[in-house]
Amino acid sequence: MAAIVAHYLADLAPAGERRDTIGTAEITRYFGQAGYRSQSDPRFVLSNAKAAGYFDSAGRGAYKLNPVGYNLVTAGLPRRGSD
Amino acid sequence: MAEPVSEFWSSLSAFHTSLRKSKTINVNRQSERDTARHIVQLYFRETRPTLLQLGISEEQLNATDSGLQKVLELANSVSTRKAYQRAISQLIRARNELELRVHVLVGQRSTGASIVAGGDEARILQTLQQMLPLSAAAYQQALIDLSSGPRLSYRGIAVELREVLREVLDHLAPDEDVEKSPNFRLEHGRDKPTMAQKARHILHSRRSGSNEVKTTADAIDLIDGMAGNLVRTIYSRGAAAVHVPPAATDVQVLRMQINASLATLLNVFSP
């Protein structure tokens, strides 16, 4: 789910909303908007996703979707029109 | 260009072998799980972009992509050895198809190569295309780059040519075969056979004459040193543009040395 949020913000969000890195604030906001309840504390979602190999650290509290995470989202999600 | 691809497949194959050697039901050891994670990262960060550059499409990579996502998923929890083996066996099957596609793509591009490669080089290229398609693409690219006029840096070409030679040696003389040969000893400070030791192993097993063995092994030692020095020299020069002529000459000498060694190792000689 964190990878989906990062992909949305990097590639799909409206221009003013776009960003390459995300932090706990984005996790809280977008998980809330999607009505998604994470099993872990929002503060640890991104560090866990980094440990799992889907994100790279991008400075203090910020994380960037890496090629593994990007592939997970783009290959794992149904394409528009066929879902 | 081919290095990340061959490095990935050899890492995957080594991991597959190590999985088969252990008898535990689950893969618990942190080092094994880290190796699995490393292979996945290597693929998505380096190998996959290289395959796309070679002309493989996103769709053709689907099976490999999902296989490696599966391996990462397995590495992120305690998983059975069988589950890893199943996932990796699927990847190895996908490899054969991918290599075939690369082979076809390299073949389609060989028109360009025939412009720059003649004589022994054309024969070396032809043999490489059948034996190691990715190395053939790298060799071909180096020849095209060398024929395309002055460059600011020749470092990439030097590295590419040396890697082609290394890949041929690794293919014809895998580390474990060389290490098993009689009287083999690792050279001081090395943890695996050197390029020259591999060349000796190949030529000895073909029962080549001692002069040929010595000449080729010495030449390969020289190439290894030359390519390394060339890369370091160019790197340390900084303002490479000022020094283009000597670097270009050095790379042409390296090209001739490598061609001579490849011709011997691949048994490719002018008719």
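Reader: Where is B:V40 placed, and what makes B:V40 count as buried?

Author: In this predicted model, B:V40 sits in helix α2 of chain B. A residue is buried if 20 or more other C-beta atoms lie within 10 Å of its own. B:V40 has 24 C-beta neighbours inside 10 Å, so B:V40 counts as buried.

Reader: Which residues does B:V40 touch, not counting residues up to four places away in sequence?

Author: B:V40 touches A:G53 and A:V68 in chain A, and B:L68, B:V71 and B:L72 in chain B.

Reader: How many residues of each chain are in contact, and which elements of chain B give two or more residues to the side that touches chain A?

Author: The contact joins 11 residues of chain B to 7 residues of chain A. On the chain B side, the elements giving two or more residues are α2 (30–54) and α3 (62–75). That side of chain B has 3 nonpolar, 5 polar and 3 charged residues.

Reader: How do you know how α4(A) and α3(B) pack?

Author: Two packed helices are described by the angle between their axes and the distance between the axes. For helix α4 (residues 67–76) of chain A and α3(B), the angle is about 115° and the axes are 11 Å apart. The crossing of α4(A) past α3(B) is left-handed.

Reader: Which residues meet in the contact of α4(A) with α3(B)?

Author: From α4(A) come A:V68, A:N71, A:L72 and A:A75, and they meet B:N62, B:D65, B:S66, B:Q69 and B:L72 of α3(B). By class, the residues of this contact divide into 4 nonpolar, 4 polar and 1 charged.

Reader: What is the strand order of the sheet in chain A, and what makes β1 and β2 its edge strands?

Author: The order is β1-β3-β2, in an open sheet of 3 strands with antiparallel pairing. β1 (21–22) and β2 (55–57) of chain A each pair on one side only, and they are the edge strands.

Reader: How do you know that β1(A) and β3 of chain A pair?

Author: Two strands pair if DSSP finds at least two bridges between them. β1(A) and strand β3 (residues 63–65) of chain A have 2 bridges, in the antiparallel sense. The bridge partner of A:T21 in β3(A) is A:K64.

Reader: Which strands does helix α1 of chain A touch, and which does helix α3 of chain A touch?

Author: Helix α1 (residues 2–12) of chain A packs on the sheet and touches β1 and β3 of chain A, its direction making about 85° with that of β3(A). Helix α3 (residues 42–51) of chain A also packs on the sheet, touching β2 and β3 of chain A, and its direction makes about 105° with that of β2(A).

Reader: How do you know that the span of α6(B) agrees with its number of residues?

Author: The expected span is 1.5 Å times one less than the number of residues. For the 15 residues of helix α6 (residues 133–147) of chain B this gives 21 Å, and the end C-alpha atoms are 21 Å apart, so the two agree.

Reader: Why is α6(B) called largely enclosed by the rest of the structure?

Author: Because 11 of its 15 residues are buried, α6(B) is described as largely enclosed. Among the buried residues are B:P133, B:L134, B:Y139 and B:L143.

Reader: What are the elements of chain A and of chain B?

Author: Chain A has 4 helices and 3 strands, in the pattern α-β-α-α-β-β-α along the sequence. Chain B has 11 helices and 2 strands. Buried residues make up 24% of the 83 residues in chain A, and 34% of the 271 residues of chain B count as buried.

Reader: What is the phi of B:N183, and why is B:N183 called exposed?

Author: Most residues other than glycine have a negative phi. B:N183 has a positive value, near 65°, and is a residue other than glycine. B:N183 is found in the loop between α8 (175–180) and α9 (195–205) of chain B. A residue is exposed if 12 or fewer other C-beta atoms lie within 10 Å; B:N183 has 4 such neighbours, so B:N183 counts as exposed.

Reader: Where does B:N267 lie, and is B:N267 buried or exposed?

Author: B:N267 lies in the segment after α11 (244–265) of chain B. B:N267 has 10 other C-beta atoms within 10 Å and is therefore exposed. Its phi is positive, about 60°, although B:N267 is not a glycine.

Note on methods. Residues numbered from 1 in each chain as written. Chains lettered and ligands numbered in written order. Predicted model: local features only at pLDDT ≥ 70, side-chain atom pairs only at ≥ 80, totals over all residues. Contact = placed C-beta atoms within 7 Å. Axes fitted to C-alpha atoms, helices over the stretch in contact; angles between N-to-C directions. Nonpolar A, V, L, I, M, F, W, Y, C, P; charged D, E, K, R; others polar. Left-handed = near helix turned anticlockwise from the far one by under 90°.
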